[in-house]
Amino acid sequence: MKYLIILGDGMADYPVAALQNRTPLEAADKPHMDALAAHGTMGLVRTVPQGMPPGSDTANMSVMGFPPRVYYSGRSPLEAVSLGIDVHPEDVTFRTNLVCLSEEADYTARTMVDFSGGEISTPEAVELIEALQPLFSDADLQLYPGISYRHCLVKRNGSTGTVLTPPHDITDKPIAGHLPAGRYGARLLELMKASADLLENHPVNLARKARGENPANSVWFWGEGTKPKLDPLEQLYGVRGGVVCAVDLIKGLGLCAGMRTVDVPGATGGMVTNYRGKAEAALRLLHDGCDLVYIHIEAPDECGHHGDAAAKVRAIEEIDRNILGWLMEQLDRKGEAYRILLTPDHPTPVSLMTHTDEPVPFVLYDSTAPTPDSGRRYSEAAAKAAGLFLPEGPLLMKRLLGRE
């Protein structure tokens, strides 16, 4: 038996007026997702433990089978693992976004225009991070480049306790009231202000402005944490796992869980990505020693954060056609037995442009035991109407593997 987890990050949503009061899942043309719903087990699952922030970190950890209350130690250290950074138990890490802020003379009076720095390319971002290195010459602070707008700061021999705000939570809002506070707040704020001075007239940003693109004109720190300690997936669940994704957070989760990770050319972690390449990479892992592959697609979440309902519909359709449908066709053609879990990690409603913690719709499908056609389609409302509710995300893994 082969196992696939197909996770559309932020795919769940609320009804959208521009979509005739349908959610993006309801509006999308997604025959393969609907077929799973019609011939599988559908319901709602709480992936984010009550009282914990609704982040992709806790939610994906939960779907991957690890209770966040037991294993979670912060978002950025998972990303640091993916970047190959040597993080010690006494270190504190911070996710570092390249963002676009408005350009008032007073930094604290600015507005968060774009948390992704205009979906900046990795080569451009690396050039900007290199330009910022003189700001991090102190022996206890080290800034590491990542992918696109996502980077990492390490505070050696540090402590947690800094109050920070995810930049995607304040899109189009003033940054006042959301600036760093607490243990290292003042120091990090000074670094953010200094980064804005350095980046304002950097050639990369001048070129971006000339092309009509948002400049990446400041760093923004958030997501502090310490080195995680996950048990191997194979030890907990008896399966050899692999991860296909384009964001360091999920790669780091997989690496900490002893799973194999792969790099997919053209996979961006953005709204435009290589969907088919991800599916092909997953199939290779399944045929090269992995029992289970976790496929993470960031695009729906990015669309939600940008408030773009039409793009979110297109992303769902791409997942349906070029990942789910293609993989089912390949596995069916080879006569392989497989089970699929299809789920978001959390909602990212386009009306809010940030995460929420409501339960999300999931489907479990077994190619060897499809259920009679229920007529259901895959959506938030249909999953609620199905009447099945799982109070904890790790129960999904147990059900997928037949342990529950």
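Trainee: Which element gives the most to the lining of the second largest pocket?

Mentor: This is a predicted model, in which local features need pLDDT of at least 70, side-chain atom pairs count only at pLDDT 80 or more, and totals for chains, interfaces and linings use all residues. Residues are numbered from 1 along each chain as its sequence is written, and side-chain values use heavy atoms, without hydrogens and water. At least two lining residues each come from β13 (338-343), β14 (360-366) and α15 (394-400) (DSSP runs numbered from the N terminus: helices, H or I, of at least four residues; strands, E, of at least two). With three residues, the most is given by β14.

Trainee: What is the volume of the second largest pocket?

Mentor: A pocket is an open set of points on a 1 Å grid over the protein atoms alone, where a 1.4 Å probe fits, with protein on both sides within 12 Å along at least five of seven lines; lining residues have an atom within 4 Å of a point. Here the lining includes His39, Arg339, Tyr365 and Leu400. The volume, the space filled by probe spheres set on the points, is about 190 Å³.

Trainee: Which element supplies the largest share of the lining of the largest pocket?

Mentor: This pocket holds about 370 Å³ of space and is lined by 19 residues, with Pro53, Gly55, Asp57, Pro166 and Trp222 nearest its centre. At least two lining residues each come from α3 (56-63) and β9 (218-225). The largest share, three residues, belongs to β9.

Trainee: How many residues in the lining of the largest pocket are charged?

Mentor: Asp, Glu, Lys and Arg count as charged. The lining has six nonpolar and nine polar residues, and its charged residues number four.
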